[in-house]
Amino acid sequence: MYLDNEVMYHVKIKKGDIGRYVLLPGDPFRTDIIAKYLDNPVLIAHNREHKTWTGTLLGEKVTVTSTGMGCPSAAIAVEELIACGADTFIRVGTAGRMNEDSRDELMIGGIVTGAVRDEGTTKQYVPVEYPAIANRQVVDALVLAAKNLNLKFGEGITYTKDSFYSHVFPDMAPLGEEARTKQNVYAKANVLLTEMEAAAILVVSSIRGCRASGIMAFSDAIDAAAAVDLSCRTACEAIKVLIQSDKL
């Protein structure tokens, strides 16, 4: 689809700039924080909401690229990263709590096993019946990394939606009652968390034969900043697990 030396239109990177393993925060400023967990990080590009660093872990190239907010820009980032050689993605960031299990105060976030596709982007790729499922190798690596760090993350489905305000403040929107009802339904269906990017990352990765999952801190954690930092650290440790297992 792209020439070897062609610079991607949105993320402004080309083949050779990145590693096969990519961490995907939404916030471009968060890439600077995550890059500190890499060895010898180098800023590769920053265009629009997409900021990219590449360093190494265990001698392997590892990249951090911000997706921006929402599924449209997340899908663009993943498509262009895949075109440049990436094949393993971990979404990192923040999410809201959904079901009763997520109310555990000791649980600082969730590991994504799948996503509810209540957004518009992936419906323009495949029918809604197509599942948004995380790769089991990436999920297992995240679970092991959290266990090794003695951190409590839940495992479960995330509810990916397009609108922030109509869900967080449903009284603001004419369809707010519908949003409230959906959240109640998915909570009863044991959905663990909610955010705005995971479905696109999972679906695009699956269609392209790549691996993806996510680990997100709950935005209302007792120390939210620390929880985000710990989720980023856990993601980096999971990348190390994957690097080692991929060499076997």
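Y159 is buried in this predicted model, with a relative accessibility of 0%.

**Aromatic pairs**

A search of the whole structure finds 3 aromatic pairs. Y159 and Y186 form one of them, a tilted pair. This pair links distant parts of the chain: Y159 belongs to strand β8 (residues 153-161) and Y186 to helix α5 (residues 176-188), 27 residues apart. Y165 and F169 form a further pair, which is stacked. Two pairs are set out below with their geometry.

| Pair | Centre to centre | Angle between planes | Class |
|---|---|---|---|
| Y159 and Y186 | 4.8 Å | 40 degrees | tilted |
| Y165 and F169 | 5.9 Å | 20 degrees | stacked |

F169 is partly exposed, its relative accessible area being 42%. Ring pairs join F169 and Y165 with F164 in a cluster.

**A lysine over a ring**

Another ring, that of Y9, has K12 over its face, at 5.5 Å from the ring centre.

**The surroundings of E197**

E197 is placed in the loop between β9 (193-195) and α6 (198-207). With a relative accessible area of 5%, E197 is buried. A polar atom of the E197 side chain lies 2.7 Å from the backbone nitrogen of G70. Apart from neighbours within four places in sequence, the contacts of E197 are T67, G68, M69, G70, C71, A74, R91 and T160.

Terms used. Residues numbered from 1 in each chain as written. Predicted model: local features only at pLDDT ≥ 70, side-chain atom pairs only at ≥ 80, totals over all residues. Heavy atoms only, no water. Helix = DSSP H or I, 4+ residues; strand = E, 2+ residues; numbered from the N terminus. Buried < 20%, exposed > 50% of the residue type's maximum accessible area, 1.4 Å probe, protein only. Polar contact = N/O pair within 3.5 Å; in protein donor to acceptor, adjacent residues only side chain to side chain. Contact = heavy atoms within 4.5 Å. Phe/Tyr/Trp six-rings, centres within 6.5 Å; stacked < 30°, edge-to-face > 60°. Lys NZ or Arg CZ within 6 Å of the ring centre and 35° of its normal.
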